[in-house]
Amino acid sequence: MLARPLLPTAAKASSKGTARNFVNKIFAASMTSRRSTKHELPALPYDYSALEPVISGEIMTLHHTKHHQAYVNNLNAAEEKMDAAIAKNDLPAQLALHGALKFNAGGHINHSIFWQNLAPESQCSPPDGELASLIQKQWGGLDRFKEVFNAKTGAIQGSGWGWLTYNKDLRDLEIVTLPNQDPVGGNNIPLLGVDVWEHAFYLQYKNAKPQYLKEIWRVVNWKDVAKRYEQAKN
C-alpha cells in the first residue's frame with residue numbers, strides 16, 4: 001500500500017514544506033488514503049496448552065486473545081484515524097498518532113514473531129549448522145549465550161523484549177534489548193524474541209522473572225530461528 005504524499009508540489013511549496021517532509025518520512029509505512037484490508041490476529045501454530053508446563057495454557061490464552069488482539073485492534077483504529085487526518089491534511093493530528101502507531105504496530109510485529117519462535121518442548125532441539133557455529137564463535141556455546149541473553153534481558157527496567165538479531169553490517173549475531181513494544185530496526189533483523197512484559201509470565205512465575213527466562217529455553221523453536229537467520233543473511 002502506498003502512502004498518500006504529504007509534500008506540496010513545487011509550485012505550491014511553502015514554509016510548511018519542511019514539516020510536511022518530516023511527517024511524510026515518519027509515517028510513510030503507515031499512512032494511506034484508502035485501506036483495503038485490516039491487520040488480523042494470527043493463529044497460533046499450536047494449542048494454548050501446548051507449551052505447558054513452561055508456559056501455562058491460561059497465560060497463552062490471555063496473552064494471545066487479549067493482549068495481542070488489543071495491539072491489533074488499536075493499530076487498526078490508529079490507522080483509521082491517520083487516514084482521516086491525512087484526508088483533512090491535519091499535520092498536528094498525524095504527529096499525535098505517531099506514538100500509538102509505533103506502540104501497537106510494534107506489539108503486533110513482536111508477538112507475531114514470538115509465537116513462531118516457540119514450540120512444544122517435544123518438538124524443540126538445540127540449534128545446529130551455521131547458526132550453532134556462530135553462537136559458538138560469539139559466546140563460546142549455547143549455555144553461555146543463554147546466560148548472557150538472560151542477564152541482558154532480565155536487566156530491562158519495566159517492560160520490554162530481549163532479542164537475538166542478525167546485524168547486517170557486522171554480518172554476525174547480536175543481542176539487543178528494547179523497551180515497551182519497540183520493534184527491532186535499523187540494520188538488525190529479529191531472529192528470536194523473548195517477551196518480558198509481566199503479562200507473559202506473571203500468572204505462573206509471579207515476580208520470578210529470572211526463572212521464567214531460564215525455563216523458556218525449553219520451548220524455543222530453534223528451527224524457526226534458523227530459518228529467520230537464513231533469510232536475514234541473504
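Which residues is P45 in contact with, leaving aside its neighbours within four places in sequence? They are W115 and Q116, where contact means heavy atoms within 4.5 Å. The structure is a predicted model, in which local features need pLDDT of at least 70, side-chain atom pairs count only at pLDDT 80 or more, and totals for chains, interfaces and linings use all residues. Residues are numbered from 1 along each chain as its sequence is written, and side-chain values use heavy atoms, with hydrogens and water left out.

P45 itself sits in the loop between α1 (17-26) and α2 (57-87); helices (H or I, at least four residues) and strands (E, at least two) are DSSP runs, numbered from the N terminus. With a relative accessibility of 49%, P45 is partly exposed, a class between buried (under 20% relative accessible area) and exposed (over 50%), using a 1.4 Å probe and protein chains only.

Next comes Q181, in the loop between β2 (172-179) and β3 (188-195). This residue is buried, at 1% relative accessible area. Beyond its neighbours within four places in sequence, Q181 is in contact with several residues, including Y71, K102, H111, W161 and W197.

Helix α5 (residues 129-139) has L131, L134, I135 and W139 buried. Viewed down the axis of α5, these fall within an arc of 100 degrees, so they line one face of the helix; the arc is taken from the directions from the helix axis to the C-beta atoms. Among the elements covering them are α6 (142-154) and α9 (222-233).
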